[in-house]
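Subject: Structure handover

Hello,

Here is the structure for you to look over. My notes on it follow below.

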Amino acid sequence: MTDGSHTSHEKVPSRQRRRFPGISSRAYEHPADRSALVALRKLSGFDTVFKALSGLLPERSLRLLFLSDSVRVSDAQFSHLNDMLRDACYILDLKKIPPMYVTQDPKPNAMCIGLDEPIIVVTTGLVELLDEEEMRAVVGHEVGHALSGHAVYRTILLFLTGLALKVAWIPLGNVAIMAIVTALREWFRKSELSADRAGLLTGQDLQASMRGLMKIAGGNHLHEMNVDAFLAQADEYEKSGDLRDSVLKILNVLPRSHPFTTVRAAELKKWSETRDYQRIMDGHYPRRDEDKDTSVTDAFRASASHYADSVRTSKDPLMKLVGDIAGGAGDLGGKLRDKFTGNGSGGAAGKGGATGGSEGTRPSGPEDPESPPKP
């Protein structure tokens with residue numbers, strides 16, 4: 001990259017890694033993320049209308065801000081990050097290398113933003129926290145965001161979050177804005193799971209990805225941490241407590257743009273063990289030139305199937321309750337009452353609704369795992 005245009009690849013990755021020519025972001029996108037993006041991309045004129053909002057968005061201001069008050073990564077500055085960026089774009093076959101900036105902030109963070117062209121920003125806190133292989137996964141994560149087209153929606157989310165704060169003093173002024181922000185955050189949390197997968201495809205080192213997530217959660221104290229114990233936390237978080245804890249989990253995650261770190265680690269490890277991941281590593285994956293033929297119906301069907309499987313296999317008390325209700329195992333009111341009050345199932349038996357009653361006393365129908373409750 002000698003002309004500073006961020007358009008060419010002069011070097012291959014620093015160690016031998018598989019490359020994925022023409023890979024579509026559909027290969028690694030989380031089902032909920034992918035179905036939303038496919039639907040948006042299929043809408044005629046959506047990009048034109050969306051980008052028409054650019055007059056309201058401070059994209060040019062953001063670019064000037066980072067250019068003037070951050071350090072632009074290049075062969076002359078943070079050259080090791082520049083090599084990682086080039087490697088990531090080479091592996092995921094992103095034709096135009098996005099500019100990357102390092103900004104002074106002790107909090108470990110990274111983001112990919114921009115409407116017309118994405119830019120990647122990493123904080124000094126993150127650069128100082130992670131080793132080379134861990135950082136490589138993060139850079140691949142952000143390149144994955146760029147390849148998926150997430151930067152546009154991330155920029156909109158940042159803008160609306162700031163706008164909601166400015167109009168918070170107006171009665172009901174931020175209600176509609178916060179509704180949009182909440183919806184965008186829910187999508188963005190799913191997009192983070194997608195980008196974690198892109199980071200793994202780039203670094204091709206699961207342990208490095210796990211270490212990076214542990215450091216983001218607990219700091220630079222790897223000698224005090226253990227991957228298996230960290231993943232056990234995610235399992236305990238999912239299945240512990242009662243229905244009240246399930247509600248608290250939802251309330252805790254609502255204001256966040258990222259999923260909880262232990263959850264991300266568990267999701268990534270689970271995906272790394274799937275046949276889908278192995279097929280990608282073997283060179284069998286969707287290509288970008290096939291994106292135009294992607295079926296919206298198939299994407300939503302895959303998303304519905306994912307949610308059905310999530311409900312069916314989840315250890316979370318609320319999800320287990322939803323699964324029981326969907327399978328006709330009891331009435332909603334009674335189960336909610338029992339879960340919140342801690343009453344056992346025996347209390348309902350005396351009313352003839354749970355045990356000893358005729359099957360004909362409640363309507364029943366075939367299970368439909370493809371039609372889960374709406375998330």
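Let me begin with one side chain. Glu 132 has a relative accessibility of 44%, so it counts as partly exposed. Its salt-bridge partner is Arg 136, at 3.0 Å from N to O. Arg 136 has a relative accessible area of 3%, so it is buried. Both residues sit in helix α6, four residues apart, or about one turn of the helix. Please keep in mind that this is a predicted model.

Glu 133 forms a salt bridge with Arg 17, at 2.8 Å from N to O. This one links distant parts of the chain: Arg 17 is in the segment before α1 (31–42), and the two residues are 116 apart. Glu 133 and Arg 17 are both buried.

Elsewhere, Arg 264 and Asp 196 form a salt bridge, with their closest N and O atoms 2.8 Å apart. Arg 264 belongs to helix α12 (residues 261–272) and Asp 196 to helix α8 (residues 175–203), so this pair ties together parts that are 68 residues apart in sequence. Arg 264 and Asp 196 are buried as well. Which residues do shared partners join into one network? They are Arg 17, Asp 87, Glu 132, Glu 133 and Arg 136, linked through salt bridges. The whole structure has 14 salt bridges.

Now the fold. The protein has 17 helices and four strands. The four strands make an open sheet in the order β1-β2-β4-β3, and the pairing is mixed. Its edge strands are β1 (71–72) and β3 (110–113), each of which pairs on one side only. β2 (residues 100–103) and β4 (residues 119–123) pair in the parallel sense, over four bridges.

Helix α6 comes back here. This helix spans residues 132–148 and lies across β2, β3 and β4. It runs at about 20° to β3.

Next, the interior. Buried residues account for 42% of the 375 residues in the protein. In soluble globular proteins, nonpolar side chains tend to be buried together. Here the largest nonpolar core has 47 residues. Phe 20, Leu 81, Val 122, Met 135, Val 143 and Leu 201 have the most contacts inside that core.

Leu 201 is worth a look on screen. What does Leu 201 touch, leaving aside neighbours within four places in sequence? Its contacts are Phe 20, Ile 23, Tyr 28, Ile 91, Leu 92, Trp 271, Tyr 277, Ile 280 and Met 281. For the protein overall, take contacts between residues at least 6 apart in sequence: 74% of them join residues at least 24 apart.

Asn 82 is found in helix α4 (residues 79–91). Is Asn 82 buried or exposed? Its relative accessible area is 1%, which is under the 20% cut-off, so Asn 82 is buried. The Asn 82 side chain makes a polar contact with the side chain of Asp 75, at 2.9 Å.

Best wishes

Notes
Residues numbered from 1 in each chain as written. Predicted model: local features only at pLDDT ≥ 70, side-chain atom pairs only at ≥ 80, totals over all residues. Heavy atoms only, no water. Pairing = 2+ DSSP bridges. Contact = heavy atoms within 4.5 Å. Axes fitted to C-alpha atoms, helices over the stretch in contact; angles between N-to-C directions. Core = buried A, V, L, I, M, F, W, Y, C linked by side-chain atoms within 4.5 Å. Buried < 20%, exposed > 50% of the residue type's maximum accessible area, 1.4 Å probe, protein only. Polar contact = N/O pair within 3.5 Å; in protein donor to acceptor, adjacent residues only side chain to side chain. Salt bridge = Lys/Arg side-chain N within 4 Å of Asp/Glu carboxyl O.
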